[in-house]
Amino acid sequence: MLGLRKKDAGLLLLVTVLTVMAPVLLNPFPVDSAMAQFNAGYPDLMQRFVIFGIFAIGFNILFGLTGYLSFGHAAFLGVGSYATIWMMKLLTLNILPGIFMAIVFAALFAVMVGYISLRRSGIYFSILTLAFAQMSYALAYSVLTPITGGETGLQIKPTDTPLLANLEPGEIGRASLFGLEMSQSSIIRMGGWEFTLNVGYYVCAMAMILAFYMAIRIFRSPFGMMLRAVKSNQNRMYYTGLNARPYTLAAFVISGMYAGLAGGLMVAMDTQVGPERMFWTASGEVVLMTILGGAGTLIGPVLGAGMIKYMENIVSKINDQILHTWFAFLPDGLEDAVVAMIYPFVGKGWHLTLGLMFMAVVIFLPGGLLEGGDRIRNAFRRKRTGKEDTAKQRTPAE
Amino acid sequence: MDQVIVQILNGLDKGSAYALIALGLTLIFGTLGVVNFAHGALFMIGAFCAVTLQRILTLSSVTEDPTRTDFLGNPMKIETPYVESWFGEAIGAGIIDWSVPLAIFFAIPIMMLVGYLMEHGLIRHFYKRPHADQILVTFGLAIVLQEIVKYFYGANPIQTPAPDAFTGSFDFGVLLGFDPLTIMYPYWRLVYFAFAALVIGAVFAFLQFTTFGMVVRAGMADRETVGLLGIDIDKRFTLMFALAACVAGVAGVMYAPIVAPNYHMGMDFLVLSFVVVVVGGMGSLPGAVFAGFLLGILESFASMPFMVDAIPGINQIIIYLVAIIILLTRPRGLMGRKGVMEE
Amino acid sequence: MGILEVKDVNKRFGGLQALGDVNLSVKENTVHAIIGPNGAGKSTLLNCLVGKLMPDTGSVMFAGQSVLGRKPYEINQMGISRVFQTPEIFGDLTVMENMMIPLLAKRDGSFRMHAYESVEDEKDLRGEAETMLTEVKLLDKQDMLGSSMSRGDKRRLEMAMCLIQRPKLLLLDEPTAGMARADTNNTIDLLKEIKEKRDITMCIIEHDMHVVFSLADRITVLAQGTPLVEDTPENIKGHPKVKEAYLGEAA
């Protein structure tokens, strides 16, 4: 199907089904139930899931395949965001031209940064990309204020009159796709459940499915194989008649374009942007997502992105009162003790959980949580089928 | 001329902090071959040692004074720090006033312990892993450490004043024959610079004149050979890590009065310290110190009004710009050894 | 005129004259061995041939074109392949992928942005790779990861990767260094087979005289950066100058 292997086609289908059904799947609890706060099926958050999924898929094309660890990818996200908002301020409220320009500008910027940074590898490459991103952030924050809006950033204001939009004087423009507004939603109520189908989310979801499909193609292409060769042995590559530099640059630019697309979509969903989007911690976040999920795997980065955004938005809201209600069934003293033990890891402390999880993954599961899942599955399978399978395991498959 | 001196002075204290952190970073890299992204967190922990000691010293007993009432009409509560009740009011207040410098002695054992635990529990297992893995795991550790600090101390900066004797500014200009009040320099920053110079001097002397230092230097040059000579280099490297943690820690302690400690100060300094290390040359101790002061001073020069007028934003990006230029033209850094991480 | 012509090549490292006036001519379809004691400049010479080092003076011509100043991948594209002292393969890739990469490099040049095609669809290349793998007896291991193979297998894979590009000149840098006798003999047999079956020129740098004398058509003896003699193996054996170079004045 679509020029994919059976296994990959299955994966794509799975991702498609999951993203399309997400508004339902992420809202498993009735609205009135105590568990409703764990529902993640509201448009804002779902949009973030897929947008950061795109960002991480792109980052993984660079890091997962070539092993070049960029600590400055948020810069491309920021550039994409600024490009889109300007298109929407000046030309049209239709998001497509804006997103197109986001990709173009991110690509141009990535060519520049990549051309210079890729002259070095290893930690120097990381520091160079970090330096470039921090420079962009500092400039966006200060000197480039006429373009970036400085500290306050840019929003669509009542005074903005895009060329191709017929706005009433004073009307604030809203992002749309050929007249279909991003903020439009239809709410489906079924019994105690409530599902929100949001236009913006489905636009993002389409973009992510497409981005995911492209990533599969790249992974399975000769180009993708060359990128893995870069990671494996550059010396051999050079003596095999291949120039590694343009390959890495191409990977860098492609992943920059993915970041640009993500940045553009962010603005399309929420028409504002500020320089903090380019700060190096934002670059660090995508590193966390990719590695947590599984660098070099297809679906890992998407899972990682989803997990971190879920923690950031849902786990972070658990406060001590909620914990107390959960553990109310325990005797008082024990209840307090349990709550005191859990509390540092949830709510405002979710970063701590994230950090610990991340460390555990780097230490024990270099293949990310996906590898963890594989190991558990293998362990179960071995238990079921007995010893025959262990013999098979010894010959490495792939 | 006076402007130039002002800028050099302004660059010194920041440069001192950069140099101290970078010194530890490059010490760890040179000896253990580990890229430690958690080094900024050690600086931050040091700063919070100062905060902690201050809190311990100001622990108070509460007594009620029935003769006076507060604004709600209740009897006035009077807090008397235990230190004051034990040592008498004058000495007690003095001790509290000097809590930041005293915190150095408090911080050294703590940092030693933290460094030891970090090396033994985590870093040791990453000697043979690729640099990318080291960066990632220490990055994760940095997040964990700063979240722990945030949990106990909250997210807001905590003012930690310097001793009264060092508040206020020193009129440097008069000393050099300029008009009074042209070159003012806060006393504490002067103290910080002197302290940094002392620590740097001590580290160099330690490496230069002790047998331990000699072995470590030899290990930096060629780890395997030193190992073959029958010297247990690993044990010394653990100590080296603890020492580097100490340097970062005391740098943090003394920096607390300059910038009120907050949980993410380590990350803020880390990025710049890495740039400093790279500019100075990975694994080069003099390079780290030199580049630290150089970049600190360059940064304050770039913030001079006429510089900012000439090239807008130069003050924001100068350090990164220098780093990029150095990395592209001289990858081993200003004082790096040839062949070290030049790839 | 040989296929590889080295003329008056000099290379200094600081005060050390690593190569002094090296002249060398490798005839097409022969096996030319370069031998010499440690520090004779063998590796320096090889590095000058593949673009890793730039000689201070002199010229290196391959098939009528200069290789000097070219990057290693350009030199490979001209038709020179190199086998390393320790096998250099792609450890994270499967044996089949290891073979596909040189094939793609041969077909598409040093860079091509084929990001949308699929490796699976390269049926022709795959067939070619299978033939080559059969020849080096690695076909049954085609799905193994490069890094999980034995050293002997890695060596065979590396040679297969070089040969599949049908190079005009194959440079071998001590191909049997650190090998057990049995592995060495296998390698010799493999190289002999290659020599018989293909039109290929080989240039071998080697320490092991057994290997040299069982393979080489001509031998150049290098000592202190200069060629002492160049002759057939029969004449080299027992040549007084060679003995002198290896054993010192006493001999």
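## A helix across the strands of chain C

Helix H1 (residues 42-49) of chain C lies across strand S3 (31-35), strand S7 (169-173), strand S8 (201-205) and strand S9 of chain C, and runs at about 145° to S7(C). Here helices (H or I, at least four residues) and strands (E, at least two) are DSSP runs numbered from the N terminus, while axes are lines fitted to C-alpha atoms, for helices over the stretch in contact, with angles from 0 to 180 degrees between N-to-C directions.

This is a predicted model, in which local features need pLDDT of at least 70 and side-chain atom pairs count only at pLDDT 80 or more, whereas totals for chains, interfaces and linings use all residues. Residues are numbered from 1 along each chain as its sequence is written, and chains are lettered from A and ligands numbered from 1 in the order in which they are written.

## The sheet of chain C

In chain C, six strands form an open sheet with mixed pairing, in the order S6-S7-S8-S3-S9-S10; two strands pair if DSSP finds at least two bridges between them. Because strand S6 (80-83) and strand S10 (226-231) of chain C each have a single partner strand, they stand at the edges, and one side of each is left without a neighbour in the sheet.

Strand S9 (residues 218-223) of chain C and S10(C) run antiparallel and are joined by five bridges, and C:Val221 has C:Val229 in S10(C) as its bridge partner.

## Where chain A meets chain B

In this model, 34 residues of chain A are in contact with 31 residues of chain B, where contact means that the C-beta atoms, placed from the backbone, lie within 7 Å. The largest share of chain A's side, 12 residues, comes from H5(A).

Technical notes. Two residues are in contact if their C-beta atoms, placed from the backbone, lie within 7 Å.
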